[in-house]
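This report concerns a structure that is shown below with its sequence.

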Amino acid sequence: MSENIIQTTALNYSFDQRKILKDLTLEVPKGSIYGFLGPNGAGKTTTIRLLLGLLKVKEAQIHLFGKDIRRNALEIYSRTGSLIEKPSLYGHLNGNENLELCRRLCGAPYSRIQEVLRIVEMSTHAHTKIRKYSLGMKQRLGLALALIQNPELLILDEPTNGLDPSGIIEMRKLLLKLNQDFGKTIFLSSHILSEIELLVTHIGIIDLGELKFQGSLHELQNLSQPKLRISTNNSEKASKLLKQKEINISKQTGQFVEIGIKDEKQIASLNEYLVANNLHIYGLQMNNQKLENIFLNLTNTIDA
Amino acid sequence: MNGLQHFGRALSAEQLKIKHSWAWRLVFLAPLFACGMYFCIFYFKGEHLIGESPAWNSYFFQSTDTVYLVLLPLFIILLNILVHQLDHNADSRKILYTLPTPKWIQVSAQWLNVVKLFTISMLIYLMVMLISGKLLEWLRPELGFDQASLDQKYYLAYFKGYLASFGILAFQFIFTYFLKNMVLPMGIGMAAYVSTLVLLRWKYIPFHPFAYGNLAFRDYFKTAELGNQLFTQPVLLSLSLTAFLLILGLLLVRRLDVK
């Protein structure tokens, strides 16, 4: 079993008597890019603030690098970089000075400033005042701040927020480079699956403070059985015959029957079975659910 | 890494934070404004303002008395707001407090940085007062600045006023640290400031933190004994209040959730 860099155990959090998180158990494997997905207001930012110790918990429910955040915060901070919502930058200082300020606080070597500027491709803008930066440049510099102490873990809250499509693609490339070339474990939140599905290796889906799914991207894809739509001359008879075979009917109309199937071999055997029972088969249509729909179904954003 | 190293790093980060900021400019502009104002008044109407006391004493007293009563509380309110708004506007605590320097050390460094700015400003004021007095001696010889130098006791009175102003400094520091909205700490500070001016003759005014600076400075003119003592009532009250507020502030910071 791979080592979990982030581990929460039945994490609960309430604010103003409102339950924000309910029994949240996160497992983020080392070396992964973990996408933490959920609609707005699902509890993603609260979870991230709890992971970083910015919000307090009473019990030992949050472990980073196997250590309780309440008792080992400084050690955990020396191995973690973060970017929460919009980057925290001082507008009256330039990029280099913002990095220098954080460098002084974490005690990283001075050469690290040039290194992180190179990684985020911001070296040419290092001496420009932040107030003259575009949103994309601010996000990049925010990421550079998160990288200043060369952390093993990056916790990023909606790093693509507000970026245009090309900015999103650039940020994706940058995060892949950090994971693949620099070996960083990345935990990032988003409310748009399509923005991160090309990036992540693992996914956690949260809605109304509850974790609806957690696993690899492959496991999420397997979560939904492909559907087979069988168009026939007698859908009622077809339905009865399929039920005799203990197959669940997902949908039935006068023209077709829809069922969930396990594999392609099953399509052939069912076809033979129905034809043998004197039914005319007009069409067999496979329907793979899109990942986006799975996410929307899990988060109750649309009707299943 | 030991606490002192953390502290040194936090202090140097604070120093960088105020670079190019209005907080840093205010440190120079405020004493220049106060001195410049009294320089102009004495240059144009000095003969009406200097009584029987030596010109230097009269010049220094009238300017500094106004500073401690009227200008300094406003300066402290503004300085704290300008320093803390840098963090509030950048929403920087969510990143600073996830760096491996303890939160309480960062806040303590921030306090020491404000004290440093306040001290620099007070030193600039003193220096510019002495230079402007010399300038008046040269430009308006008839005012009599050459007849006697500034009484040494005024330096002690000035230092007492400085120490007695720490109460306001800590009071405003705590409010502006915790309140993101700059209007609230400004409103609280202005209310306290106005109440000092209104209640100046009230018998309990010695217990009003915003009056400590002026009362400590004026000790000298009550009795000679009080004038020679450093730790008089307003100074002690101010330093006690400062210690209390800082301890309370650090306890609150420990429990602070960064939302």
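The following paragraphs describe selected local features of this model.

The model is predicted: local features need pLDDT of at least 70, side-chain atom pairs count only at pLDDT 80 or more, and totals for chains, interfaces and linings use all residues. Residues are numbered from 1 along each chain as its sequence is written, chains are lettered from A and ligands numbered from 1 in the order in which they are written, and side-chain values use heavy atoms, with hydrogens and water left out.

**Helix packing in chain B**

Helices and strands are DSSP runs numbered from the N terminus (helices H or I, at least four residues; strands E, at least two). In chain B, helix α3 (residues 55–90) packs with helix α7 (residues 166–178) at an angle of about 30°, and their axes are 9 Å apart. The pair α3(B) and α7(B) is therefore roughly parallel; angles under 35 degrees count as roughly parallel, over 145 as roughly antiparallel, 65 to 115 as roughly perpendicular and the rest as oblique. Axes here are lines fitted to C-alpha atoms, for helices over the stretch in contact, and angles run from 0 to 180 degrees between N-to-C directions. The crossing of α3(B) and α7(B) is right-handed, a term that applies if the near helix is turned clockwise from the far one by less than a right angle.

Contact means heavy atoms within 4.5 Å. On the α3(B) side the residues involved are B:P73, B:I76, B:I77, B:N80, B:I81, B:H84 and B:H88, and they meet B:I168, B:L169, B:Q172, B:F173, B:T176 and B:Y177 in α7(B). By class, this contact of α3(B) with α7(B) has 8 nonpolar, 5 polar and no charged residues. Ala, Val, Leu, Ile, Met, Phe, Trp, Tyr, Cys and Pro count as nonpolar, Asp, Glu, Lys and Arg as charged, and the others, Gly among them, as polar.

**Cysteines**

Over all chains, the structure holds 0 disulfides (pairs of cysteine sulfur atoms within 2.5 Å). A:C102 is in no disulfide, and its nearest cysteine sulfur, that of A:C106, is 6.9 Å away. A:C106 is likewise in no disulfide.

**Selected residues**

Relative accessible area sets the class of each residue: buried means under 20%, exposed over 50%, and partly exposed in between (1.4 Å probe, protein chains only).

| Residue | Relative accessible area | Class |
|---|---|---|
| A:C102 | 4% | buried |
| A:C106 | 10% | buried |
| B:F61 | 22% | partly exposed |
| B:K160 | 1% | buried |
| B:F33 | 51% | exposed |

B:F61 is found in helix α3 of chain B. Leaving aside neighbours within four places in sequence, B:F61 is in contact with B:Y154, B:F217 and B:F221. The C-alpha atoms of B:F61 and B:R218 are separated by 9.3 Å, although these residues are 157 residues apart along the chain.

B:K160 has its place in helix α6 (residues 152–164) of chain B. B:F33 is found in helix α2 (residues 22–49) of chain B.

**Positive phi in chain A**

A:E121 has a phi near 55°, a positive value in a residue other than glycine. This residue lies in the loop between α4 (111–119) and α5 (135–147) of chain A.
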